[in-house]
Amino acid sequence: MAGRTVRVGGLPADLPPDRVADKLTIHFLRSRNGGGEIADVQVLAGPHACALVTFEALEVAQRILKTKNHVLSIGGKKYPLEVTAHAAELSPDEVA
């Protein structure tokens, strides 16, 4: 799984995690967003909610990281996403 997972921040806090996961899946499957086949999406709730999106191929994760300005549109609202490489170990600052 190394390198195939990206961390996504800037998620809408007012939506259920399963709905956010569905919307992220749709967003990151689209080729126009640099996406591709997804192996797993985990939404981690909390004050700094984020999601871990694992792609089938390393190349897709790298493409996603190179694509700037990911924006999730849900119900007419737009949420700018912060997409970063996911480190295997969480730093103490990131543990909720």
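These legends accompany close-up views of one predicted protein chain.

In this predicted model, local features need pLDDT of at least 70 and side-chain atom pairs count only at pLDDT 80 or more, while totals for chains, interfaces and linings use all residues. Residues are numbered from 1 along each chain as its sequence is written, and side-chain values use heavy atoms, with hydrogens and water left out.

**View 1**
Helices (H or I, at least four residues) and strands (E, at least two) are DSSP runs, numbered from the N terminus. From that end, the elements run β-α-β-β-α-β-β-β. The chain has 96 residues, and 35% of them count as buried. Buried means under 20% relative accessible area, exposed over 50%, and partly exposed in between (1.4 Å probe, protein chains only). The chain exposes about 6000 Å². Carbon and sulfur atoms supply 53% of that area. Accessible areas come from the Shrake-Rupley method with a 1.4 Å probe; for residues, only the protein chains shown count as cover.

**View 2. Four strands form an open sheet in the order 2-3-1-6.**
The pairing is antiparallel. Two strands pair if DSSP finds at least two bridges between them. Strand 2 and strand 6 stand at the edges with a single partner strand each, so one side of each has no neighbour in the sheet. The twist averages 20° from one strand to the next. Axes are lines fitted to C-alpha atoms, for helices over the stretch in contact, and angles run from 0 to 180 degrees between N-to-C directions.

**View 3. Strand 3 pairs with strand 2 and with strand 1.**
Six bridges join strand 2 to strand 3. Here Ile38 stands opposite Phe55. Val8 stands opposite Ala51 of strand 3.

**View 4. Helix 1 spans residues 17–29.**
Its 13 residues reach 18 Å from first C-alpha to last, close to the 18 Å expected at 1.5 Å a residue. The expected span is 1.5 Å times one less than the number of residues. Val20, Ala21, Leu24, His27 and Phe28 are buried in helix 1. Seen down the axis, they fall within an arc of 125°, so they line one face of the helix. The arc is that of the directions from the helix axis to the C-beta atoms. Helix 1 lies across strand 1, strand 2, strand 3 and strand 6, at about 145° to strand 2.

**View 5. Leu24 sits in helix 1.**
Is Leu24 buried or exposed? Leu24 is buried, with a relative accessible area of 0%. Leu24 touches Val8, Leu11, Val41, Ala51, Leu72 and Leu81, not counting residues up to four places away in sequence. Contact means heavy atoms within 4.5 Å. Ala51 is 27 residues from Leu24 along the chain, yet their C-alpha atoms are separated by 8.6 Å.

**View 6. Helix 2 has a buried side and exposed residues turned away from it.**
Val60, Ala61 and Ile64 are the buried residues of helix 2. They fall within an arc of 100° seen down the axis, so they line one face. They pack against strand 1, helix 1, strand 3 and strand 6. The face turned away carries exposed Glu59 and Lys66. Helix 2 runs at about 135° to strand 6.
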